[in-house]
Amino acid sequence: MQQDEELSVVCFIAGGYAFAVEASQIGGMLDTAPAKFTSVEELLGLTAATNSFRRWLRVGERYVEVGEPVALCFLPIGSIYHLPEFIRMRIQLKGIKALAVMDKPVLLVDLNHLFDPIKSPG
Amino acid sequence: MEDRAITLDDILARKQDTAGAVVNVDEPTVKLVFFSLGNAWYAFRGENVSEVLADCDVFFLPGLPSSLEGVINVRGDIESVIRLRTLLGLPEVDTAVASRILLCQSEAMRSGIRVDRVEEVLDIMESAILPPPHAIPESLRPIVIGIISYQEHMIHLLDLERIFEDYRLGLR
């Protein structure tokens, strides 16, 4: 794996913090709320959303409501890290897979795992 | 009285008499890192502290317990930062200018540990490390492996392996 390779991710805000999900997990995005969706804060176990501008990402057959700004980003492989052991063991959020550190940290989340923790090893 | 000129042996003999107890330079020593939290001094074994970091940006992450301050980037390695004050049940204070992060390494785990101030790094005779007294607070008892008297301070030598293991298991 080359260090100058990049990972395509969709970045978004949840509970006021920066998160990202692998772009391959996202099937599309809506600007208006679908009939049925789950907020990403609820999935992660965060407190309620703090920003009012929302978008809805399609993950398989379901929709996840996330906070703006939502953007397709390319993370250099060298900026992506395993969670330090104590963070991995003590973090109270669900589905966190890794950490990217650019000018600020971004938590990489596995939305498939959050929807279906039995099928996905997380 | 015999009038004899003083010799070097005489002088050395006198010095020997007045020098007091002879220090056994062959006694094993151990390197300790002394640090403070408030007015209380503590120590880790030097072999457990690979680096003392100052002016290090700590990145906050959501969803962490109050005992975890966040993560730091140490030349490309991401490390957690534990608040030792919180682990020891001491009240939180604003991070002071003298505050430092000790990059600590146990046999299996590594993490930064926030302390108020690093006081000294010294080689201490192993015999100067005394068993912990029964009077130390209950919360400290499992993690204190010795007491050192240094200047006017009674310093608690902490067991980093035990602290990390307890923390990993969620016991602290």
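Trainee: How many bridges join strand β1 to strand β2 of chain B?

Mentor: This is a predicted model, where local features need pLDDT of at least 70, side-chain atom pairs count only at pLDDT 80 or more, and totals for chains, interfaces and linings use all residues. Residues are numbered from 1 along each chain as written, chains are lettered from A and ligands numbered from 1 in written order, and side-chain values use heavy atoms, without hydrogens and water. Strands are DSSP runs of E, at least two residues, numbered from the N terminus, and two strands pair if DSSP finds at least two bridges between them. β1 (residues 29-37) and β2 (residues 40-45) of chain B run antiparallel, and the number of bridges joining them is 6.

Trainee: Which strands stand at the edges of the open sheet in chain B?

Mentor: The sheet has 5 strands with mixed pairing, in the order β8-β1-β2-β10-β9. An edge strand here has a single partner, so one of its sides is left without a neighbour in the sheet. In chain B these are β8 (117-125) and β9 (144-150).

Trainee: Which residue of β2 in chain B stands opposite B:F34, and is B:F34 buried or exposed?

Mentor: The residue opposite B:F34 is B:A43. Buried means under 20% relative accessible area, exposed over 50%, and partly exposed in between (1.4 Å probe, protein chains only). The relative accessible area of B:F34 is 0%, so B:F34 is buried.

Trainee: What kind of aromatic pair do B:F34 and B:W41 form?

Mentor: Rings of Phe, Tyr and Trp (its six-membered ring) pair if their centres lie within 6.5 Å; planes under 30 degrees apart are stacked, over 60 edge-to-face, the rest tilted. By this rule there are 10 aromatic pairs over all chains. B:F34 and B:W41 lie 6.4 Å apart, centre to centre, with 55° between the planes: the pair is tilted.

Trainee: How many residues apart are B:W41 and B:Y150?

Mentor: B:W41 is buried at 9% relative accessibility. Its ring centre is 6.3 Å from that of B:Y150, with the planes at 40°, so this pair is tilted. B:W41 lies in β2 and B:Y150 in β9 of chain B; the pair links distant parts of the chain, 109 residues apart.

Trainee: How many residues of strand β4 in chain B are buried?

Mentor: β4 (residues 68-74) pairs with β5 (residues 77-83) of chain B in the antiparallel sense over 6 bridges. The two form a hairpin with 2 residues between them. β4 is largely enclosed by the rest of the structure, because its buried residues number 6 of the 7.

Terms used:
Helix = DSSP H or I, 4+ residues; strand = E, 2+ residues; numbered from the N terminus.
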